[in-house]
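Please keep the model open while reading.

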Amino acid sequence: MHPSLAVPHRGNTTTRRAAAGVRAVMKNVELSMGQGEALAWRIVEVAPDAILLVAADGCIQKVNRRAETLLGYARDELLGQPMEILLPDALREKHRHVLRKAYARQPESRPMGSGRELVARCKDGRLLPVEVSLAPLDLGVGGGVVVTVLRDVTERRRDAALLAVHRVQLETLFLLSPDGLVSFDHEGRVKLVNPAFLRMAGLLAADIVGRPAGELERLLRELAENPEQWPGLDACFAGQEANVGPDETTTGARPSHALTLRRPRGTVLELVGVTSNTASVSRLLYVRDVTREAEIDRLKSEVLAHAAHELRTPMASIYGFTELLMTQELDAPTRQDLLATIHKQTQWLVDIINELLDLSRIEARRGKDFRIEAVPLAPLVGETVAAMNIDPVRWPLVVHIPDDLQAARADAAKLRQVLTNVLSNAVKYSPAGGAIDLRCGTREIDGKTFVEIAITDHGIGMTPEQTARVGERFYRADTSGNIPGAGLGMTIAKEIVELHGGEVGIASTPLAGTTVTLWLPAGTPSQAPAPGAPFLVRQPSGV
């Protein structure tokens, strides 16, 4: 084949080895010439590559057995044919008039098509990926020929293509991974770092790429909240090097170390080291942002601590008073008073446990068990108030619900629970009594209609600092211990309202009272309540 069984190709060491193979074949042919042409050709016949002898006029003079099997032609079909029979149609004219003449002017042993991928056209029209090597051979009286060697590189190119795909996939994973990745070369310098790590650490690639691992460790320590508590990068790879052989990577359990950064945003990182003896990478640092997990663990510990504290108080009372009843002879009024206290403390205990279970269920299900429907507020408020049995003399309750008020899109049972919690707080945090006002209406927020429920008491109120913390787990504005509760009622109420797509607003003034406002998505218009419904206005007798 003359200088161009060709389309673009990459020159590499394999091509150079093919050219060396041509020279070896030629040497064997030349050494055998003295023993006869038949012996020389027998050597060519057994060669693993296709070999063709091409005359000066570009016609094929001889082919070996491998050429027949590789290209699909019988020997007689190739002999005497121009070399262009093995070229793609688009290249035949250029090869005949340009490339063949160029090689004839400067014949030499060399690979063909350096930097291009070459193909040979088979008898059935297939384009076969090949490497081509050329070498001029002087036959003396018979003139010269060009020895053309074709090597099938189909599998090699397929493997190269797969490797290229895998490389692109790995690069994509490296770039798009939500977790941080940092690779180190065998000299301990940072080779690659992905965007996720830079985002987590708040660093720039220029700060660390090409720098020693010690420089990265120094930067991380500068960012750390407690640098003295972090054992450093080497600890992430500890105990792995001795177990890794050539071209292997460590597997199984690996040590991980947490690193809390002051910035950005108090990030908690988990660092895991992987050691490798591959050619280009000696170590890979895997970094995961576990800030949320750390916060959840902190909250769990906080919940357990608060729950234990809240449960201990009523349990201590129950234990102490039952012990008195069991060990002391008491008169009937005293026994009755102790039993009433035990009952009250037991109810408090049940309330705390129920609130803990409610909060757990809400957070686990995230509203998936809600049955959303159009809920008319007048009947719901009436049922809630009646069930609570609020003393109308001590806490006169006034309810204002317009007849044409739209229904709320909500889960009726969950909304009843929210109203119960808010009204219960209005009663508990008004220990001296006082009016409680419940008003309903609608409001447009960002182009959407919401039903508004505002509950106002005239109790002890809160400071702005206390108001800002309402809704935190176990937070209670009253620290005296005289007001029962676990500090979970408003937490549950806010969770439920927000899962409905609504909001909770709180306004409070110390010693003046508190207003809690609930906004819930509006549904269809509510049915007007029956005239004189008892729950619409409740006041003490004589008012």
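The sections below cover the basis of the model, then strands, a helix, charged pairs and cysteines.

## Basis of the model

This is a predicted model: local features need pLDDT of at least 70, side-chain atom pairs count only at pLDDT 80 or more, and totals for chains, interfaces and linings use all residues. Residues are numbered from 1 along each chain as its sequence is written, and side-chain values use heavy atoms, with hydrogens and water left out.

Helices (H or I, at least four residues) and strands (E, at least two) are DSSP runs, numbered from the N terminus. Two strands pair if DSSP finds at least two bridges between them.

Strand 7 (residues 180–184) pairs with strand 8 over 3 bridges, in the antiparallel sense. Phe184 has Val190 in strand 8 as its bridge partner.

Contact means heavy atoms within 4.5 Å.

Which residues of helix 9 are buried? They are Leu216, Leu219, Leu220 and Leu223. Seen down the axis of helix 9, its buried residues fall within an arc of 100 degrees, so they line one face of the helix. The arc is that of the directions from the helix axis to the C-beta atoms. Buried means under 20% relative accessible area, exposed over 50%, partly exposed in between (1.4 Å probe, protein chains only). The packing partners of these buried residues include helix 7 (195–201), helix 8 (205–208) and helix 10 (233–236).

## A hairpin

Strand 1 (residues 50–55) and strand 2 (residues 60–63) pair in the antiparallel sense, over 3 bridges. Leu53 stands opposite Lys62 in strand 2. The hairpin has 4 residues between the strands, and Gly58 takes a positive phi near 85 degrees.

## Salt bridges

A salt bridge is a side-chain nitrogen of Lys or Arg within 4 Å of a carboxyl oxygen of Asp or Glu. By this rule the count is 21. Arg121 is partly exposed at 23% relative accessible area, whereas Asp89 is exposed at 54%.

Arg439 and Asp437 also meet in a salt bridge (2.7 Å, N to O). Arg439 is partly exposed at 44% relative accessibility; Asp437 counts as buried at 17%. Glu45, Arg65, Glu68 and Arg75 are linked in a network of salt bridges.

## Cysteines

How many disulfides does a search of the whole structure find? It finds 0. A disulfide is a pair of cysteine sulfur atoms within 2.5 Å. Cys122 is buried at 0% relative accessible area, and Cys440 counts as buried at 10% relative accessibility.
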